[in-house]
Amino acid sequence: MPEPLLYESHSHTPLCGHAQGDPGEYAAEAVRKGLKGLIITCHCPLPDGNSASSRMKPEQFPLYVEMVQRAREEWSDKVDVRMGLESDYYPGVEAWLEELHAREPLHHVLGSIHYQIAEYRQKYHPGDVFAYQQVYYDHLAQAAESGLFDTLAHPDLIKNEAPGEWLFPRIQPFIERSLDRIAATGVAMELNTSGVNKALSEMNPGLPQLRLMQERNIPVVIGADAHCPARVGDGYLDALDLLQQAGYQEVSIVLERKRTSVPISVARASLLPRE
C-alpha cells in the first residue's frame, strides 16, 4: 500500500457555530481515509461583529489554537495535524487579517468570499444577481492580490446565489479577467468537494472554470470543507478525476504557507480505494 500523501486542507471546528465534532474526531477520519494529514482551517474571527453567528469570536482564538494543538499531540503518531484558517476577504479587512495571521504559525490560509453573509450582502449586493456575480469575481481577484492568502476557497461559490441565473457563457468574460489577475499573483485556488451538496450540485469550481484555471497554470489544492468528521477527505478521488478532465497533471499541497505539487497519478495511488 502506498504511503499517505494528501492532506484534508479545509476543515472546521464547533467554534464556528455550524460544525460538529472535536478536531481529534476529524483526525481519526483522516487516518481512515488514507490521508497523511489534516489542516484545521476554521472560520476566522472578524472585526465589528461581522458574521458573528458563523465564526469564532475574537476572544476564542486562543481556544482554537489550544484545540488544534491538543489534537496534534494526541494524534502525532498516526496523522499530521496542522493549524490554518479560513479568512474572509472584503475590501478594508486587510489590516485585521494581517495582524490575525501573524499571531500564531499557520500552515494554510484560505481566502474566502462568502456572498451569503448578511453584512457582506448589505454592503456589496447591487440588487442584481448578474452584477453580484461580477462583484464576487472582482473581490476574489482582490483577495489574491492582497497577499494574505495561500489558496482561494470554493472559488465559484457565487453560483449558488441563484443557480437558475448561473449562465456560464454570460459570466465567463468576468471570470477570465479575475483569473488573469489571480494567475499573476501565484496564489493557488481550491477544488472544494462540498459543492456537490450545495444548491447547484457540482464541485466548486465546476469543470468550465477549472479549464480556464488550467489554461493559466493556476495551481489547485483539494479540500472537502469538512464541517463534520465524516466529510474529511470526501470526494477526493472524484476531485482528482475532475482535475485530469480539466487538463491538470498535478495537484498541490500547502504546508507552512509553502506550496508543493505532486502528480495526480501519485496522489490517487496514495488514497485508499473507493468504498
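Mentor: S1, helix H1 (residues 23-32) and S2 form a β-α-β unit that is right-handed; that is, with the strands pointing away from the viewer, the path from the first strand over the helix to the second runs clockwise. Helices (H or I, at least four residues) and strands (E, at least two) are DSSP runs, numbered from the N terminus. From S2 the chain then passes through helix H2 (residues 61-74) to S3, again as a right-handed β-α-β crossover. This is a predicted model: local features need pLDDT of at least 70, side-chain atom pairs count only at pLDDT 80 or more, and totals for chains, interfaces and linings use all residues. Residues are numbered from 1 along each chain as its sequence is written, and side-chain values use heavy atoms, with hydrogens and water left out.

Trainee: In which sense do S2 and strand S3 pair, and over how many bridges?

Mentor: Two strands pair if DSSP finds at least two bridges between them. S2 and S3 (residues 80-83) are parallel, with 4 bridges, and Leu 38 lies opposite Val 81. Strand S1 (residues 7-8) is also parallel to S2, over 2 bridges; there, Tyr 7 has Gly 37 as its bridge partner.

Trainee: Which residues have the most contacts inside the largest nonpolar core?

Mentor: In soluble globular proteins, nonpolar side chains tend to be buried together. A nonpolar core is a set of buried (under 20% relative accessible area, 1.4 Å probe, protein chains only) Ala, Val, Leu, Ile, Met, Phe, Trp, Tyr and Cys residues joined through side-chain atoms within 4.5 Å. Here the largest has 88 residues, and Tyr 64 and Leu 243 have the most contacts inside it. Helix H5 (residues 129-145) contributes the most, with 8 residues.

Note on methods
Buried < 20%, exposed > 50% of the residue type's maximum accessible area, 1.4 Å probe, protein only.
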